[in-house]
Amino acid sequence: MILEHIQQIAVDAGCVGVGVTSADPFDGLAEAMHERKVDGFAADLAFTYRNPAVASDVRRTFPWAQRLIAVAHAYEPAAGVSESSAGRLRIARFADGDHYVGLRNALTRIAMALKMSGARAEVLADDSRLVDRAAAVRAGVGWWGRSTMVLVPGAGPWVLLGSVATDAPLELTEPMVRTCATCTACMPACPTGAILDDGILDVRLCLAHHLQSAGLIPEDLREAIGDRLYGCDDCLTSCPPGWRSVAGAPVVDGPTILEILGLDDATLLFRYGHFYLPGRRPRILRRNALVAAGNDRSPDLEPVVIGYLGHPDWLLRAHAAWAVGAFDTAIGRAALGRAIAEERDGRVREELRRAGAS
């Protein structure tokens with residue numbers, strides 16, 4: 001009865017999938033994650049990669065756990081889609097609002113029901129102590145897509161995943177016997193070729209990773225960033241179960257490049273505080289907008305970007321240098337020359353030189 005009650009809670013909370021798996025370690029997962037780190041494909045990923053042994057064995061955190069209740073909560077078609085347009089920025093659909101609210105609500109209600117029945121229960125949502133995709137697949141909520149995303153019947157890859165660890169001896173659900181078979185649509189759709197054979201992602205090439213990471217965006221990936229502010233949906237929109245499930249999704253306008261470059265820290269954090277921002281600093285939003293400005297090259301953007309050559313933050317000066325170089329105008333070249341004469345940071349000087357400063 002308790003399992004049926006939990007399943008009904010999940011459905012009532014808007015979940016599109018719910019299943020139960022054991023809390024046993026995920027065979028081979030820690031080893032595979034370690035291998036990705038050794039071969040370089042994991043790049044500088046932290047989160048679950050910080051401690052694969054913990055992330056692949058929930059009992060390292062909750063020794064009493066017997067079961068994991070895995071759920072999937074869809075964020076499309078409600079999230080809509082932002083389309084490319086001059087001067088505007090695109091945000092990945094999962095991040096155009098705090099869509100984790102619905103997921104956390106479902107997990108919290110499930111945990112409360114378990115506790116009321118006398119069981120122990122702890123919520124794990126966007127939590128580095130559990131590889132939530134592995135839990136969802138073993139619980140039969142979905143299957144591993146070639147893109148490394150979990151695909152859920154009826155919702156495709158447009159889902160957020162979470163789990164509840166419990167000591168309740170719930171009946172297990174069976175894993176889903178489905179695969180992507182011969183479909184490789186996501187591989188050529190990736191702007192940088194980051195999706196490799198056998199469902200391996202080369203994080204070093206993943207735009208979504210670089211757009212939320214601290215530091216310099218690799219120069220050879222900046223043009224591929226295009227007009228993205230945060231995240232990348234290309235592997236999801238190319239996936240047949242993905243595009244079928246978002247038919248009729250509303251079109252939403254992303255912010256303008258000038259907005260992101262002109263707003264103060266407090267306003268940016270108020271609007272985009274649900275993003276993962278390293279150190280809770282909105283500098284990466286401005287950094288990403290500068291790259292997008294260099295790709296856009298609309299004349300009204302150039303004066304603002306040139307102004308960033310004198311910004312106190314070296315990271316923003318560095319990306320402004322690249323963007324000014326991309327405009328390739330006489331005014332821009334003169335600004336680069338003035339900037340390099342005053343610049344003392346070696347990282348920024350190198351960007352200025354590559355942008356054409358002399």
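## Arg36 and its partner

Arg36 counts as buried because its relative accessibility is 16% (buried means under 20% relative accessible area, exposed over 50%, partly exposed in between, with a 1.4 Å probe and protein chains only). Its side chain meets that of Glu35 in a salt bridge, 3.2 Å from N to O (a side-chain nitrogen of Lys or Arg within 4 Å of a carboxyl oxygen of Asp or Glu). Glu35 counts as partly exposed, at 44%.

This is a predicted model, where local features need pLDDT of at least 70 and side-chain atom pairs count only at pLDDT 80 or more, while totals for chains, interfaces and linings use all residues. Residues are numbered from 1 along each chain as its sequence is written, and side-chain values use heavy atoms, leaving out hydrogens and water.

## Other salt bridges

In total, the structure holds 22 salt bridges. One of them joins the side chains of Arg93 and Asp233, at 3.9 Å from N to O. Both Arg93 and Asp233 are buried. You will also find a network of salt bridges linking Glu219, Arg222, Glu350, Glu351, Arg353 and Arg354.

## Nonpolar cores

Now for the cores (sets of buried Ala, Val, Leu, Ile, Met, Phe, Trp, Tyr and Cys residues joined through side-chain atoms within 4.5 Å). The largest has 48 residues, and Leu309 and Leu352 touch the most other members. Another core, of 38 residues, lies apart from it and includes Ala79, Leu107, Leu160 and Ile195.
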